[in-house]
Amino acid sequence: MVKDTGQDEPAKKAKTKARAKTAKPAARPYERPRGGEARAISDLVPEIGRTAFRKFGFIQSSVVSRWREIVGDRLADVTQPAMIRFPAGQKAGGTLHLTISGAHAPMLQHVGPDIIGAVNRFFGYAAIAQIRMSHGQVTPAAPVQPPAMLKPVPAELGDSLRDIGDPELRTVLERMAAGLASPTKLPRIN
């Protein structure tokens, strides 16, 4: 037997250091990337639209989509909202920028206070303080469909639908009940 005199000790330490440098680190368990749980696209669309409208100056996109209801048919045919700009850090006292077609600007200068009042009624507070007008091409908005004519509730349906206060809901329920009560017809194909 040969005794170990300790001369190979530095060589052993060098080998263990070399092994430690080349050894792979322990595998980490899988972690989901940041961002939280997966979300449905339908949840994200309103946020995307809201961001786009804010970029172009609209706090509420419904001002654009309901412009005909806000100002009426006559003004909606010749005007179109372009953007709303508020003073820095405020949500009141803003400027409504309108695109106007043709030579309607002189008339709309006289009607300007009425437009401001209609938009502020829509918002529910004094959001708009002034109007800026610029000439451009205006595509008329689609006319608002009037609600369906309300017919009296048929006697055979009973008094259950008469207690409903909302006329639109009552009309929908009446139509559904009448459709269920009528004999089934084959669909007409044009």
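**Aromatic cluster and nonpolar core**

Modeller: Phe122, Phe123 and Tyr125 form one aromatic cluster. This is a predicted model, so local features need pLDDT of at least 70, side-chain atom pairs count only at pLDDT 80 or more, and totals for chains, interfaces and linings use all residues. Residues are numbered from 1 along each chain as its sequence is written, and side-chain values use heavy atoms, with hydrogens and water left out.

Colleague: What counts as an aromatic pair, and how many aromatic pairs are there?

Modeller: Rings of Phe, Tyr and Trp (its six-membered ring) pair if their centres lie within 6.5 Å; planes under 30 degrees apart are stacked, over 60 edge-to-face, and the rest tilted. That rule gives 2 aromatic pairs. Phe122 and Phe123 are edge-to-face because their planes stand at 70 degrees, with ring centres 6.0 Å apart. Phe123 and Tyr125 are tilted, at 55 degrees and 6.0 Å centre to centre.

Colleague: Is Phe123 buried or exposed?

Modeller: Buried means under 20% relative accessible area, exposed over 50%, and partly exposed in between (1.4 Å probe, protein chains only). Phe123 has 14%, so Phe123 is buried. Phe122, at 24%, is partly exposed, as is Tyr125 at 39%.

Colleague: Which residues touch the most other members of the largest nonpolar core?

Modeller: A nonpolar core is a set of buried Ala, Val, Leu, Ile, Met, Phe, Trp, Tyr and Cys residues joined through side-chain atoms within 4.5 Å. The largest one has 20 residues, and Trp67, Val71, Leu96, Ile115, Val119 and Ile128 touch the most other members.
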